[in-house]
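Thanks for asking me to look this one over. Here are my notes, point by point, for you to read beside the model.

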Amino acid sequence: MTDRSKTTSISRRSLLKGAAGVAGLAGSGTLLSAPYVHAADPKVLRYLGTAVNEGDEISKKCLADTGIKIEYITATTDDVTKRVITQPNSFDVLDTEYFSLKKLVPSGNIFALDAKKIKEFDNITPVFTKGELPSGKKIGGQGTAPWKVLYLEGANSKTFSATPTDFITLIPTVYNADTLGIRPDLIKRPINSWAELLNPEFKGKAAILNIPSIGIMDAALVVEATGQYKYADKGNMTKAEIDLTMKVLTEAKKAGQFRAFWKDFNESVNLMASGETVIQSMWSPAVTKVRSMGIACTFQPLKEGYRSWASGFCVSKAVAGGPKLDWAYEFVNWYLSGWAGAYLNRQGYYSAVLSTAKANMTEDEWGYWMDGKPAKADIKGPDGTLMEKAGAVRDGGSYEDRMGGVVCWNAVMDENDYMVRKWNEFIAA
């Protein structure tokens, strides 16, 4: 997805083990030397997340525009969840994925934000609010789709609302449609199905993502693609379905199919760039990073469709009622105002508010990233590095094609504890 082009320091969901630091301040030295001097007591927000939306350029721009200093606290997906549940006073703003909400909301440690205080809320793409594209086309909803967990029944409720309310679990920021990454120069034939991940042709050259709530969805897509089983809901398997899925993966592992089970963005890049793997679970900016090294790599559209993910912002209950809550609203409103959305669009993500992101991109950039058009000029990342040469077309084509092909979302299932245990047994075996 999940999880772009400060790509050497940005991973989706887990990761970034050095650039920001597990409890460090990404870009803190840069921020301290920034020219903004506004108040004796600076506005500081401790930002807990997995690096999906983080970046030094974002924090510097936020400081310049708002006077808010962002202190990044970067951790893996599982560690973010643990920290919210056990240390709610250790952060102010939380950046996390929607599938985590089934674990976080029952804790009572996150504070619902008021939709009326979010200036662009009514302009947030209906992917989040209705499960459809701006064109009205419905998209797949298996798994923890964001519209299922976007609303709470009340300000202090621990119950999701099936109908819209003003109490928002996570203010949407970014999302994407994920698929397999391949080395076309080494495979040398068309790839069009998730089933190829278990093709013995790629024995010892395949890899799968080792984050259970995400990896299990990739595995389910493979199982269906190979014709072994059709799930009623890939995102909410029964114990028997979990057992079946893990049996397929375990047999493949014993046969030597997998070179690695990666959790880190840079690990996925290194595996593909080195040729140790030729087909694997992958995230869009990782594919772009490999290409930037002059190595052929494709984020391959597959006939069965995409697995999707989505992230957003909320705050710790510890900031409720204090000045930091006001700063948090100011930060979120700034984030959705366009500059950050355009920055993230240039990494291969999609912004939650398309109109403001578009206003901060050139016509050619928008055409390449969103409309599936050939680039008229070289496409550059947020930091100015060359990402694609003129004439290139984005893998998978347009926003409508890619998001319209979504069939499922990263998920926390009813049998999540059982699934995670079985997944970890598979990895350890």
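How many disulfides does the count come to? A few words on the model come before the points. This is a predicted model, where local features need pLDDT of at least 70, side-chain atom pairs count only at pLDDT 80 or more, and totals for chains, interfaces and linings use all residues. Residues are numbered from 1 along each chain as its sequence is written, and side-chain values use heavy atoms, with hydrogens and water left out.

1. Cysteines. The count comes to zero disulfides, a disulfide being a pair of cysteine sulfur atoms within 2.5 Å. For Cys 62, the closest cysteine sulfur belongs to Cys 314 and lies 17 Å away, too far for a bond. Cys 62 is buried, at a relative accessible area of 0%, and Cys 297 is buried too, at 3% (buried means under 20% relative accessible area, with a 1.4 Å probe and protein chains only).

2. Helices H7 and H8. On the H7 side, Ile 216, Ala 219, Ala 220 and Val 223 take part; contact means heavy atoms within 4.5 Å. The residues of this contact divide into eight nonpolar, one polar and no charged.

3. Helices H8 and H16. H8 also packs with helix H16 (residues 416–428), at an angle of about 10° and with axes 10 Å apart. That makes the pair roughly parallel, which is the term for angles under 35 degrees. Among the residues making the contact are Lys 239 and Asp 243 of H8 and Lys 422 and Trp 423 of H16. Here the division is nine nonpolar, one polar and four charged.

4. Helix H9. Buried residues of H9 (residues 265–274) include Phe 265, Leu 271 and Met 272. Strand E10 (258–262) and helix H10 (284–292) are among the elements that cover the buried residues of H9. Just after H9, Gly 275 takes a positive phi of about 85°.

5. Strand E2. Ile 73 sits in strand E2 (residues 68–74) and is buried, with a relative accessible area of 7%.

Definitions and conventions. Helix = DSSP H or I, 4+ residues; strand = E, 2+ residues; numbered from the N terminus. Buried < 20%, exposed > 50% of the residue type's maximum accessible area, 1.4 Å probe, protein only. Nonpolar A, V, L, I, M, F, W, Y, C, P; charged D, E, K, R; others polar. Axes fitted to C-alpha atoms, helices over the stretch in contact; angles between N-to-C directions. Parallel < 35°, antiparallel > 145°, perpendicular 65-115°, else oblique.
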